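Please read the following report with the structure open beside the text, and look up each residue as it is named.

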Amino acid sequence: MDLIYMNKQKEDVGVLQNYKFDLAYGYDENDFELSTNTNNHKCQAGFIVYVEDTEYGGIIRRIRVKTATDELIYCGDTWHGILEKKVIQPDAGQDYFVMNGEANSCLASLIVRMGLSDLFKASSESSGITINNYNMNRYVKGYTGIKKMLASQNAKLKINFQDGFVMLSAEPWVDYSHDDEFDSSQIDFDVDKNYAPVNHVICLGKGDLKEREVIHVYADENGNISTTQTQTGMNEITDTYENANCESSDELKQGGVDMLLESWNSDALQVGLDSTKNYDISDIVGARENVTGIYVARAIIKKIVTIENDVVTISHKVGE
């Protein structure tokens, strides 16, 4: 597995030898450390390092040297980190930046919008995934915004370095939770299941006292959200959402819906998977605790990759 280094002009310079390449990406970090010996100094800040036809690579932002051990460490942003250090802004005079169309075409337009066309491309193939009137969160970070947009269609972001470019594409996420279910006899994990999520949110908007705008949103026993109440008495779990700065009733209602979704998605599975299977960020895995029978399925939120002596080790983190 060749780790190639490329200069600021995007010209391949050579293949690095005798190194340890540690990358972490997903919900946080999105950076790397590339360790070698000072006698093996080949790169400068702004150089790109990558493994062709993989997700592994990034741009060098800092260089550290430990003189006592002659250790040289190139530090930088992974492709995910480069995206995350951009901000997707609404157009002047607009409340939101709205995305519509085939998912890969949306990725292409976002690359241009973030000023990353020199290094990033989107697949020209159709993903079969359509983005429908998706409102990007205001001033959202690039990688986060893209993941949220694709998640609205049960899709994930694929990243692959090919022919001098970071290629982005959208694919449906994969649910491994039924076919590859883990249990507590196989691995250790922490699991927390909420059997009483909020099912009624009272949304409080503009106005004072009796003039205040009030909207009620509900979830049924299966988590389906509507304006019709089905859970009452002891089964009713109520909370309030307040936003006196809402510009519209729809925005106020959405705040209540988001609160319901957060409560219904509060089941937690925390586990690190050192697996031969290379899951992607956003793929779903499930685990069952054998004593209580608690079962929780959650998404892969982080990957930690180490490449040393041509051996690749991958750890997947599952979280809330």
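The side chains of lysine 302 and aspartate 28 are joined by a polar contact of 3.1 Å, where a polar contact is a pair of N or O atoms within 3.5 Å, of which, within protein, one must be able to donate a hydrogen and the other to accept it, and residues adjacent in sequence count only if both atoms are side-chain atoms. The model is a predicted one, in which local features need pLDDT of at least 70 and side-chain atom pairs count only at pLDDT 80 or more, while totals for chains, interfaces and linings use all residues. Residues are numbered from 1 along each chain as its sequence is written, and side-chain values use heavy atoms, with hydrogens and water left out.

Lysine 302 is found in strand β23, residues 295-308; strands (E, at least two residues) and helices (H or I, at least four) are DSSP runs, numbered from the N terminus. Is lysine 302 buried or exposed? With a relative accessible area of 7%, lysine 302 is buried, given that buried means under 20% relative accessible area, exposed over 50%, and partly exposed in between, for a 1.4 Å probe and protein chains only. Not counting residues up to four places away in sequence, lysine 302 touches a set of residues that includes Tyr25, Asp28, Ile281 and His316, where contact means heavy atoms within 4.5 Å.

**Salt bridges**

A salt bridge is a side-chain nitrogen of Lys or Arg within 4 Å of a carboxyl oxygen of Asp or Glu, and by this rule the count comes to 11 salt bridges. Three of them are set out below.

| Pair | N to O distance |
|---|---|
| Arginine 61 and aspartate 77 | 2.7 Å |
| Glutamate 71 and lysine 66 | 3.8 Å |
| Aspartate 91 and arginine 113 | 2.5 Å |

The side chains of arginine 61 and aspartate 77 meet in a salt bridge. Arginine 61 lies in strand β6 (residues 57-66) and aspartate 77 in strand β7 (residues 71-78), so this pair ties together parts that are 16 residues apart in sequence. Arginine 61 is partly exposed, with a relative accessible area of 42%, whereas aspartate 77 is buried, at 5%.

In the pair of glutamate 71 and lysine 66, glutamate 71 counts as partly exposed at 26% relative accessibility, and lysine 66 counts as partly exposed at 42%.

The side chains of aspartate 91 and arginine 113 also meet in a salt bridge. This pair links distant parts of the chain, 22 residues apart, with aspartate 91 in the loop between β8 (87-88) and β9 (98-102) and arginine 113 in helix α2 (residues 103-113). Aspartate 91 is partly exposed, at 40% relative accessibility, and arginine 113 is partly exposed as well, at 34%.

Salt bridges also link Lys156, Lys158, Asp280 and Asp283 in a network.

**Aromatic rings**

A pair of aromatic rings is described by the distance of the centres and the angle of the planes. Rings of Phe, Tyr and Trp (its six-membered ring) pair if their centres lie within 6.5 Å, and planes under 30 degrees apart count as stacked, over 60 as edge-to-face and the rest as tilted. By this rule the count comes to four aromatic pairs. One of them is the stacked pair of tyrosine 50 and phenylalanine 161, at 4.0 Å centre to centre and with 25° between the planes. This pair links distant parts of the chain, 111 residues apart, since tyrosine 50 is in strand β5 (residues 48-50) and phenylalanine 161 in strand β13 (residues 155-162). Tyrosine 50 is buried at 3% relative accessibility, and phenylalanine 161 is buried at 0%.

The rings of tryptophan 79 and phenylalanine 161 have their centres 5.3 Å apart and their planes at 20°, so this pair is stacked. Tryptophan 79 belongs to helix α1 (residues 79-84) and is 82 residues apart from phenylalanine 161. Which residues form one aromatic cluster? The members are Tyr50, Trp79 and Phe161.

A charge sits over a ring if NZ of Lys or CZ of Arg is within 6 Å of the ring centre and within 35 degrees of the ring normal. Lysine 10 lies over the face of phenylalanine 165, at 3.6 Å from the ring centre, and lysine 121 lies over the face of phenylalanine 165, at 4.2 Å.

Two strands pair if DSSP finds at least two bridges between them. An open sheet of four strands, with mixed pairing, has the order β19-β18-β17-β20. Its edge strands, β19 (225-226) and β20 (238-242), each pair on one side only. Strand β17 (residues 200-204) pairs with β20 in the parallel sense over five bridges, and isoleucine 202 has threonine 240 in β20 as its bridge partner.
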